[in-house]
Amino acid sequence: MIHSALQALRAGHVFDGARIKGRPGMVLVEDGVIRDVDVTGAPPPQHATVTDFGPDGWLLPGLIDAHVHLCWDAGPDAVAHVASGDRDTVLKTARASAATALQTGITTVRDLGDRDYLTLELRDLVPPTERPEIVAAGPPITTRGGHCHFLGGETEGADALRAAVRERAERGCDVVKVMASGGNLTPGSSPLQQQYGRSDLRLVVAEAHRLGLTAAAHVHAAEAIGDVIAAGFDTIEHFTFFTAEGVGLRPELLDEVVRRGIVVSLTLGFVPGSAPPPPAVAARVEAMGDLGAKVVASGARIVAGTDAGIEPSKPHDVLPYALSQLSRLGMPTLDVLRSATAVAAEAVGLGGRKGVLRPGADADLLVLGSSPVDDISAVTDVRAVYRAGHRVR
Ligand SMILES: [Zn+2]
């Protein structure tokens with residue numbers, strides 16, 4: 001536990017992860033935890049250290065990026081860096097990525113693909129106040145020579161798949177990531193290829209759940225999305241419905257995702273003006289926009305999940321662009337804020353502890369200077385960031 005004196009953070013507005021609370025607001029923080037959220041206008045306790053962010057200030061939970069790759073440097077050759085860099089170099093990258101995210105106001109990340117379990121090493125090595133909370137998958141489970149095989153997670157066959165899940169649990173991972181289809185970044189891999197059959201996917205999810213881990217599936221191929229849903233994955237990454245012709249939404253599968261409450265991680269967000277995405281994505285950009293709008297309109301539980309790190313358009317502070325994109329896809333700004341806080345916390349298995357301003361929750365906070373409800377881009381108008389009760393920006 002991080003011991004610290006009682007602090008009272010005050011601002012004109014409070015968003016608690018679900019709704020806007022009455023104003024003005026005060027959040028009491030002690031020992032890294034939120035003690036109280038007061039919106040009655042009561043004066044701060046006498047012994048508290050008071051920080052007042054003024055009538056235009058907004059207090060909200062720190063943001064959550066539900067799909068990042070800390071070991072990836074977002075450089076022009078990010079694959080080569082993560083695949084062939086020596087451990088110390090890649091660990092240094094992960095440390096820098098984590099610091100960048102934290103300074104952006106991202107206080108929790110779910111890492112869905114490291115190399116050699118380096119994010120676990122990072123979590124042990126770097127104190128909480130110098131990095132976001134890290135929910136870690138370790139190396140993604142993939143087929144021999146399959147998508148991101150260079151991260152070290154090649155596994156095929158029922159026994160080996162069960163053993164791979166157990167290994168991740170024993171090492172301290174929180175989530176198992178499976179490449180259910182090929183991807184765009186791996187030479188020789190196609191996003192249209194299915195990588196595992198339904199029974200393999202089922203047993204991975206069952207083993208993960210048995211051991212208390214959640215399960216996330218990377219999937220582009222329309223063909224594989226039905227299998228992923230049937231297998232019971234907690235979150236579906238990308239959800240792009242790629243077909244040979246382009247993008248082919250299957251409405252009945254989207255309905256099923258909504259019905260089951262599966263979280264869709266759309267891997268949105270890119271820095272405008274950066275180099276174009278891989279050809280398979282570039283050819284489908286417009287269709288993916290239409291698809292995204294339909295997913296938003298469906299009422300599915302959505303997180304932006306940026307895929308930060310994989311290419312220059314996705315640096316580790318890209319989340320604000322993803323939130324703007326969600327808003328442009330038709331999601332009301334209040335829902336965008338929920339998606340990046342309370343909804344994302346549930347998606348990454350930290351519901352109630354992260355993504356909310358509530359007594360007992362971790363004191364990870366973002367303070368803005370203007371209203372993110374009026375304009376979601378206000379998430380870049382950062383006045384302060386708190387991690388475990390410590391002001392880190
Ligand atoms: Zn990814």
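On a 1 Å grid over the protein atoms alone, a pocket is an open set of points with protein on both sides within 12 Å along at least five of seven lines, while a cavity is a set of points where a 1.4 Å probe fits but cannot get out; lining residues have an atom within 4 Å of a point. The model searched here is a predicted one, where local features need pLDDT of at least 70 and side-chain atom pairs count only at pLDDT 80 or more, though totals for chains, interfaces and linings use all residues. Residues are numbered from 1 along each chain as its sequence is written, and side-chain values use heavy atoms, with hydrogens and water left out.

The largest pocket has 44 lining residues, and T267, L268, V281, M288 and K314 are the ones nearest its centre. Its space comes to about 830 Å³, a volume being the space filled by probe spheres set on grid points that are joined across faces, edges and corners. Two or more lining residues come from each of β11 (175-179), β12 (214-221), β13 (235-243), α9 (285-298) and α10. These labels follow DSSP runs numbered from the N terminus, with helices (H or I) needing at least four residues and strands (E) at least two. The top contributor to the lining of the largest pocket is α9, with five residues. Sorted by type, the lining of this pocket has 23 nonpolar, 16 polar and five charged residues. For that sorting, Ala, Val, Leu, Ile, Met, Phe, Trp, Tyr, Cys and Pro go down as nonpolar, Asp, Glu, Lys and Arg as charged, and the others, Gly among them, as polar.

Around the largest cavity sit P61, G62, T107, R353, K354, G355, V356, D362 and D364. That lining splits into two nonpolar, three polar and four charged residues.

Next comes the metal site. H67 (NE2), H69 (NE2) and D307 (OD) coordinate the zinc ion at 2.0 to 2.1 Å. Donors here are N, O and S atoms within 2.8 Å of the metal (3.2 Å for Na, K and Ca), and with water not among the atoms, sites may look incomplete. Along the sequence the donor residues of the zinc ion follow the spacing H-x1-H-x237-D.

On to the rings. Rings of Phe, Tyr and Trp (its six-membered ring) pair if their centres lie within 6.5 Å, with planes under 30 degrees apart called stacked, over 60 edge-to-face and the rest tilted. That rule gives two aromatic pairs. One of them, W72 with F150, is tilted, at 6.0 Å centre to centre and 50 degrees between the planes. W72 sits in the loop between β8 (63-68) and α1 (78-84) and F150 in the loop between β10 (133-136) and α4 (158-171), so this pair ties together parts 78 residues apart in sequence. W72 is buried at 1% relative accessibility, and F150 is buried too, at 16%. In the F239 and F241 pair, the ring centres are 4.8 Å apart and the planes at 70 degrees, so the geometry is edge-to-face. F239 is buried with a relative accessible area of 1%, as is F241 with 0%.

F239, in strand β13, also has a positive phi of about 55 degrees despite not being a glycine. A388 is another non-glycine with a positive phi, of about 50 degrees. A388 falls in the loop between β18 (382-387) and β19 (390-391) and is buried, with a relative accessible area of 10%.

Two arginines also sit over rings. The test is that NZ of Lys or CZ of Arg is within 6 Å of the ring centre and within 35 degrees of the ring normal. The charged end of R171 is 4.1 Å from the centre of the Y117 ring, and R284 lies over the face of F242, 4.4 Å from the ring centre.

How values were computed: Buried means under 20% relative accessible area, exposed over 50%, partly exposed in between (1.4 Å probe, protein chains only).
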